[in-house]
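Notebook open, model loaded. I want to go through a few residues one at a time and write down what I find.

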Amino acid sequence: KGKVALTNQRVYLHKGFIVLEDFFNNQQIKPIGWEFQKNGGTVSVYTANNRNTDRYSMQMNTSQGAIKATKKINSESGHLIFETSILQQKRRDAVTISVNNGNNSVMSVTADGTSFKYATDGNYTSFYDYMENMWYVVR
């Protein structure tokens, strides 16, 4: 599967994705197949302040409570790359991104408001300083 997006400034080519989430309207339509467990937090689609083809983003506001977002995909073999972008405008409790095989964690990265950490056998190792209000790509 693939997708091409053309603008007057750039050409974007996305190919080989199992999941490629983007938003072309702000009609509060959540991505298909995602499950959200909200303990006081809110989930919405908002207009991002950029001129790229993906003008809208998912916002998970945890100021009033935690949110867990889950996307299940079919098993894949071979070389697999996971990539996501996150932005924490203010320092809050940890944001954790995990890739699991069933109940077993394959990869886990946490931003705890001070640094980014990865988990190995339940132990976390800091690898990058965290700054608020900056986009980070976790790959």
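I started with S108 and listed its contacts, meaning heavy atoms within 4.5 Å. Leaving aside neighbours within four places in sequence, S108 is in contact with T96, I97, S98, K117, Y118, A119 and Y124. S108 lies in strand β9; strands here (E, at least two residues) and helices (H or I, at least four) are DSSP runs, numbered from the N terminus. S108 counts as buried because its relative accessibility is 7%. For the record, buried is under 20% relative accessible area, exposed is over 50%, and partly exposed is in between (1.4 Å probe, protein chains only).

Ground rules before going on: this is a predicted model, so local features need pLDDT of at least 70 and side-chain atom pairs count only at pLDDT 80 or more, while totals for chains, interfaces and linings use all residues. Residues are numbered from 1 along each chain as its sequence is written, and side-chain values use heavy atoms, with hydrogens and water left out.

Next entry: the partner of S108. The side chain of S108 makes a polar contact with the side chain of S98 at 3.3 Å. I use polar contact for a pair of N or O atoms within 3.5 Å; within protein, one must be able to donate a hydrogen and the other to accept it, and residues adjacent in sequence count only if both atoms are side-chain atoms. S98 sits in strand β8, residues 95–101. C-alpha to C-alpha, S98 and S108 are 4.2 Å apart, with 10 residues of sequence separation. Beyond four places in sequence, S98 is in contact with M107 and S108.

That took me to M107, which is also found in strand β9. At 26% relative accessibility, M107 counts as partly exposed. M107 touches F82, I97, S98 and V99, not counting residues up to four places away in sequence. I also checked M107 against I97: they are 10 residues apart along the chain, and their C-alpha atoms are separated by 8.1 Å.

Another serine, S115. S115 lies in strand β10, residues 115–120. Its relative accessibility is 7%, so S115 counts as buried. The side chain of S115 makes a polar contact with the side chain of S126 at 3.2 Å.

Then I looked at how β10 pairs. β10 and strand β11 (residues 123–129) run antiparallel over 6 bridges; two strands pair if DSSP finds at least two bridges between them. The bridge partner of T120 in β11 is N123. The two strands form a hairpin with 2 residues between them, and D121 in the turn has a positive phi of about 55 degrees.

I noted another positive phi. N133 has one of about 60 degrees although it is not a glycine. Most residues other than glycine have a negative phi, so I flagged this kind of value. N133 is in the loop between β11 and β12, and at 53% relative accessibility N133 counts as exposed.

Core check. The largest nonpolar core has 8 residues: I86, I97, V109, A111, F116, Y130, Y136 and V138. β9 (104–111) and β12 (135–138) each supply at least two residues of this core. By core I mean a set of buried Ala, Val, Leu, Ile, Met, Phe, Trp, Tyr and Cys residues joined through side-chain atoms within 4.5 Å.

How many salt bridges are there? The count comes to 1, taking a side-chain nitrogen of Lys or Arg within 4 Å of a carboxyl oxygen of Asp or Glu. The side chains of E83 and R139 meet in it, at 3.2 Å, N to O. E83 lies in the loop between β6 (66–71) and β7 (84–87) and R139 in the segment after β12, so the pair ties together parts 56 residues apart in sequence. E83 counts as partly exposed at 47% relative accessibility, whereas R139 counts as exposed at 66%.

Last, the whole chain. I find 0 helices and 12 strands. Buried residues make up 19% of the 139 residues. Of the contacts with a separation of 6 or more, 42% are between residues 24 or more positions apart.
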